[in-house]
Amino acid sequence: MNGHAASKHIRSYEENMALLEEKSVSDVENGAGRADFDHRFSEPTRLMATTAQSIVSGVRSTHPRTFLRRAGLFLIPSFLSRDPRHSTAGERVGPTAYLDGMRGLAALFVFFCHYSYTCFVIAEGWGYKDTNWYLLKLPFIRLFYQGPPMVTVFFVVSGYALSLKPLKLMRSRNYGSFTTTMASFVFRRGMRLFLPTAISTMMVVIIVRLGLYEWTREFSADKTYMRNVQEHHYARLPTLGAQLEDWVKSMYNFIHIWDWETFGGSTPIDLHLWTIPVEFRCSMFLFLALIGTARLRTAVRFLVVILLMVFTWRSTKWEMLLFFSGMLLAELDIIRGAHGSSGSGAAATTTAPSSGNGSTLPPPSPKPPSPKPARTSRNKALWLGLSVLSLYLMSQPDDGGAETPGWVILTRMIPHFWPQDALYRYWQSVGAVIFVLAVGHSPLTWQRFFNSALIQYLGKISYSMYLMHGPVLHTFGYAIERACWGITGVQTDFQYYAGFALSSIFIVPLVICVSDVFWRGVDAPVVRFAKAVEGWCVVE
C-alpha cells in the first residue's frame with residue numbers, strides 16, 4: 001500500500017478549524033481504516049501548507065463574534081453536537097473495534113480508581129483480616145474502580161494492536177510493505193505518546209500559574225476529606241520562568257527509557273502518567289521482536305516469542321510480558337481467520353502478489369464449513385467460562401492477598417522470585433491475557449458489548465480521558481467535592497458517602513466533557529500531525 005499516493009480529499013475551512021476527523025485514531029490498524037487514513041493524509045507537505053493558509057486567512061476574515069461562536073460550539077461535547085461530522089450513526093465498526101472499546105472502559109475505570117482512592121481504602125479485598133465485608137469489595141464488582149488490572153488490559157491490547165498489521169504483512173511475505181510499516185510505527189510512536197502528554201502537562205502549568213491549583217491546595221491535603229490517599233498537588237513556583245524550567249526538566253525525565261525502575265519517568269506534574277514511558281519502552285522492544293522474527297517460519301516464530309515470554313516472566317517484567325502476550329494472541333487470531341470477514345484477516349495472510357523471490361503464493365484455502373449448533377454452544381460456554389475466570393483473576397486485591405478469602409492459595413502459588421511490591425500484578429496480568437483471548441472468541445457476546453455505541457465513544461476519548469482526569473480532579477473536581485461535603489457534612493459515614501455520591505453526579509460528566517474536547521482539539525490532530533511529519537521527512 002502506497003501511503004503517499006495523490007489524495008483527492010479536500011477539507012473545508014470549517015473542518016480545518018474544528019481540528020477533527022471523526023475516524024478512530026487508536027493504534028488499531030485495520031485494512032479499510034488504514035487505506036482511508038492514507039487516502040486522506042497523503043502528500044502531507046501540501047496538506048500542512050493548505051491547512052495553515054486556510055486557518056490564517058479564515059481567522060483574518062472572521063468577525064470576532066463569529067470566531068467566539070465557533071469556539072463555543074467547539075467546546076460542546078461531540079455527543080451533544082448537531083454537527084453531522086460528530087455523529088457516529090451508521091459508522092462502520094471494524095473487526096478489531098472491540099479493542100478500542102476495551103481500552104475505553106479500562107480508561108474510565110482508571111479514572112474511577114483515582115477519583116475514589118483519595119477517599120476510600122480500595123486496595124484491600126473482601127474479607128481482608130476478617131474486615132472489609134463491603135459489597136463493593138467483592139471480586140468482579142471491585143473491577144469498576146480498581147486501576148491496576150485496567151493497566152494490564154492496556155498493555156495486552158497495545159501489544160495486540162501494534163502487532164496486528166506487521167504480522168499480517170510478514171505472514172503474506174510482503175516484506176517491502178512490512179519494512180515501510182515498521183519504519184512508520186517506530187518513527188511516529190514517540191510523537192503519538194509524548195506530544196499529547198507534553199500538551200496536557202503544559203496545560204497544568206498554565207492553570208497552576210492562573211491559580212486554579214491554589215484554589216484547592218489546602219483541601220487536597222485535608223484528611224477530613226482526603227481520608228486515604230493525598231495525591232501530590234503540583235506546586236506553584238515563584239516565577240513563570242522557574243515553572244517553565246521545571247516543566248522542561250520534568251518532560252526530559254518523563255522520556256524514561258533507560259532502565260526499568262518502578263514508576264520510572266513519573267512526573268510530579270501529573271503522577272498518573274507513569275504508564276506512558278512504560279508503553280513507549282515496551283513498544284520499542286515489541287517492534288524489535290517483530291522485525292527479528294519477520295522472516296521466520298510460523299512455528300519457529302511462536303517458539304521464539306514463547307521463549308521471550310518465559311525470559312520476561314522470569315525477569316519479572318510483567319509489562320513486557322503483556323505486550324508479548326498481545327503479539328501472540330494477534331497471530332493466533334490471524335491464523336484462525338478471526339478478522340477475515342473484513343478482508344483483513346485470514347485472507348491477508350495468504351493472498352499476496354509474490355513471496356519475495358518471484359514465486360506466486362498459493363491461493364487461499366476454501367472457507368471451512370460452519371460448525372454445528374451443538375459445537376457452537378459448547379464453544380460459547382467455554383469462552384464465557386474463561387472470561388468469568390479471567391475477571392476473577394483480574395480482581396486480585398492490590399494489597400493483602402495472602403490474608404483475603406479466595407486469594408490465600410493463589411497468593412501462595414505466585415513464584416518466590418516475584419517482587420513483593422508487585423505481587424498484585426501477577427494474577428491480574430494472567431487474567432488480562434485470558435480476558436483478551438476470551439473476548440476475541442466471543443463475537444456475539446463480549447465483542448458486541450464492546451462494539452456498542454457508548455463503549456466505542458469511550459474508546460475514542462480513552463487516551464484523552466487518561467490524560468485529563470488528573471488535572472480536572474485536582475481543580476474543579478476537588479472544588480465540587482468541597483462544595484458537596486459542605487452541603488451534606490462529614491460528621492457521619494452516611495454524610496461522607498452522600499457527599500461523595502453527590503459530587504460524582506457532576507465530576508464524572510465533567511471529566512468526560514473535558515476529555516472529549518481534548519480528544520478533538522489535541523489528540524486527533526496529533527495523530528494527523530505525526531503522519532504529516534513522517535510524510536514530509538521520508539524518502540520515496
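Residues are numbered from 1 along each chain as its sequence is written, and side-chain values use heavy atoms, with hydrogens and water left out. Because the model is predicted, local features need pLDDT of at least 70 and side-chain atom pairs count only at pLDDT 80 or more, whereas totals for chains, interfaces and linings use all residues.

The secondary structure of the protein chain comprises 20 helices and zero strands, where helices (H or I, at least four residues) and strands (E, at least two) are DSSP runs numbered from the N terminus. Of its 540 residues, 52% count as buried, a term that denotes under 20% relative accessible area, with exposed meaning over 50% and partly exposed in between (1.4 Å probe, protein chains only). Among contacts (heavy atoms within 4.5 Å) with a separation of 6 or more, 77% are accounted for by residues 24 or more positions apart.

When residues up to four places away in sequence are not counted, Phe111 touches Met465, His469, Leu473, Ile507, Val508 and Val511.

Helix α7 (residues 175-209) packs against helix α10 (residues 275-292) at an angle of about 175°, with the axes 10 Å apart; axes are lines fitted to C-alpha atoms, for helices over the stretch in contact, and angles run from 0 to 180 degrees between N-to-C directions. The two helices are therefore roughly antiparallel, a class that covers angles over 145 degrees, while those under 35 count as roughly parallel, 65 to 115 as roughly perpendicular and the rest as oblique. The contact involves, among others, Phe178, Met182 and Phe185 of α7 and Ile276, Pro277 and Glu279 of α10. Its residues divide into 13 nonpolar, three polar and two charged, with Ala, Val, Leu, Ile, Met, Phe, Trp, Tyr, Cys and Pro taken as nonpolar, Asp, Glu, Lys and Arg as charged, and the others, Gly among them, as polar.

Serine 200 also lies in helix α7 and is buried, with a relative accessible area of 1%. Its side chain reaches the backbone oxygen of threonine 197 at 3.0 Å, and, neighbours within four places in sequence aside, serine 200 is in contact with Leu273, Leu467, Met468 and Phe518.

Helix α18 (residues 453-460) is largely enclosed by the rest of the structure, because six of its eight residues are buried. These buried residues, Ile455, Gln456, Tyr457, Leu458, Gly459 and Lys460, pack against α5 (97-116), α17 (446-450), α19 (462-488) and α20 (493-537).

Backbone geometry was also examined in two loops. Most residues other than glycine have a negative phi. Arginine 173, in the loop between α6 and α7, has a positive phi near 60° and, at 40% relative accessibility, counts as partly exposed. Threonine 316, placed in the loop between α11 (298-314) and α12 (318-335), has a positive phi of about 60° although it is not a glycine, and its relative accessibility of 17% counts as buried.

Technical notes
Polar contact = N/O pair within 3.5 Å; in protein donor to acceptor, adjacent residues only side chain to side chain.
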